[in-house]
Amino acid sequence: EGSELRFDGRVAIVTGAGHGLGRSHALLLGSRGAKVVVNDLGGALDGTGASSGPAAEVAELIVKNGGEAVASTDNVATPEGAEAIVRTALDAFGRVDILVNNAGILRDRSFGKMTVEEFDAVIAVHVRGSFLVSRAAFPHMKEQAYGRIVNTSSPAGLFGNFGQANYSTAKMGLVGLTKTLGIEGARANIRANAIAPVAWTRMTETLLPAEFESKFTPERVSPLVAYLAHESCVTTGEVFSVGAGRIARVFVAEGPGWRTDDLTVEAIRDNWEAVMAEQPYLPTKLGEQAGASLQAML
Ligand code: NAI
């Protein structure tokens, strides 16, 4: 409880901010004093085409509401595009404090029919894009010993989804990126977290039930992004499910495990129930998890 969380003096980059969730994140950050780089390639849902319209419109709206913003139409998925996005922040506002990796596309297809191109295109925007823009921003955050990165995962990545082999691979990839960025950024006060949202946008309007439109609004996701992007939030390396105003931490859990000195294929078959047992504990570090195997030997 207490004072309003503000972003005065902070510079935020929001990728894919021309529509949907990114637009909502950018508007919220802008309304609370952040100077915002509104990045959007302006293409179709499948990533084809381009237009300067969406990014410019959102930047104009922030300015109209009394904030500061510039538009960027650079592509997150190329090293040059990613560098240009960060360069835009530095040229316009002199620094970069917050990066929201939100840009995304869909190329849904059942696994048996998915082409290599459909796989690569989706990985390129979500995974490569988040890596590239983070990579461009990271040295500046390190230099100023401050940074907040929010990546965008998805329930489809955490749990799988029919027709989304490319997308779910990408979205779980972002969990790994987030956790490692959290570890590597820690010393420089760079915190990285990920959200797994559900919201009514052009990406989901044909998939979600109609009654979701008024409840699963992007505006009911963005406050979490803003909180994770604020200096008062020191949490790092975590993933949060968020939709319709509900937020929950998502864990990577491991069962109690089963071990034997004499591991054979048949022993695994005969003890499969013990392997599958759900009595989760929550390793928070890679070493902790390896430690569990060691402990089982003692
Ligand atoms: P959206 O299609 O409205 O927004 C995505 C934006 O990214 C678009 O404006 C698009 O032009 C932009 N974009 C695409 N490729 C780009 C590139 N190479 N460079 C720069 N900008 C690019 O969709 P939505 O729903 O707002 O999606 C935002 C993020 O949230 C995506 O990463 C999506 O995968 C993720 N997400 C959305 C969910 C939902 O329920 N809407 C569920 C889980 C994840």
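I take a polar contact to be a pair of N or O atoms within 3.5 Å. The model I am reading is predicted.

**Entry: overall build.** I looked up the secondary structure and found 10 helices and eight strands. I then checked the radius of gyration, which is 20 Å, close to the 19 Å from the globule rule for 298 residues, so the protein is as compact as a globular protein of that length. Along the principal axes, the C-alpha atoms fill a box of roughly 70 × 45 × 40 Å.

**Entry: where the ligand sits.** I looked at the pockets next, and the largest pocket is the space that the ligand takes. I counted 32 residues around the ligand. Asp40, Asn75, Asn102, Tyr167 and Thr201 are the closest of them. Sorted by class, this shell holds 13 nonpolar, 15 polar and four charged residues. I also noted which elements supply at least two shell residues each: among them are helix H1 (20-31), helix H4 (116-143), helix H6 (165-185) and strand S6 (190-198).

Entry: Which backbone atoms lie by an oxygen atom of the ligand? I found a backbone N or O atom of Ala199 at 2.8 Å from a ligand oxygen, and one of Gly104 at 3.4 Å from a ligand oxygen. I looked at side chains too: an N or O atom in that of Arg202 is 2.8 Å from an oxygen atom of the ligand.

**Entry: cover.** On its own the ligand has 810 Å² of accessible area, and I noted that the protein covers 97% of that.

Conventions
Residues numbered from 1 in each chain as written. Predicted model: local features only at pLDDT ≥ 70, side-chain atom pairs only at ≥ 80, totals over all residues. Heavy atoms only, no water. Near = heavy atom within 4 Å. Polar contact = N/O pair within 3.5 Å; in protein donor to acceptor, adjacent residues only side chain to side chain. Areas by Shrake-Rupley, 256 points an atom, 1.4 Å probe, with all protein chains shown as cover. 1 Å grid on protein atoms, 1.4 Å probe; cavity = no way out; pocket = protein on both sides within 12 Å on 5 of 7 lines; lining within 4 Å. Sits in = over half its atoms within 2 Å of the grid points. Helix = DSSP H or I, 4+ residues; strand = E, 2+ residues; numbered from the N terminus. Nonpolar A, V, L, I, M, F, W, Y, C, P; charged D, E, K, R; others polar. Rg over C-alpha atoms; globule rule 2.2 N^0.38 Å.
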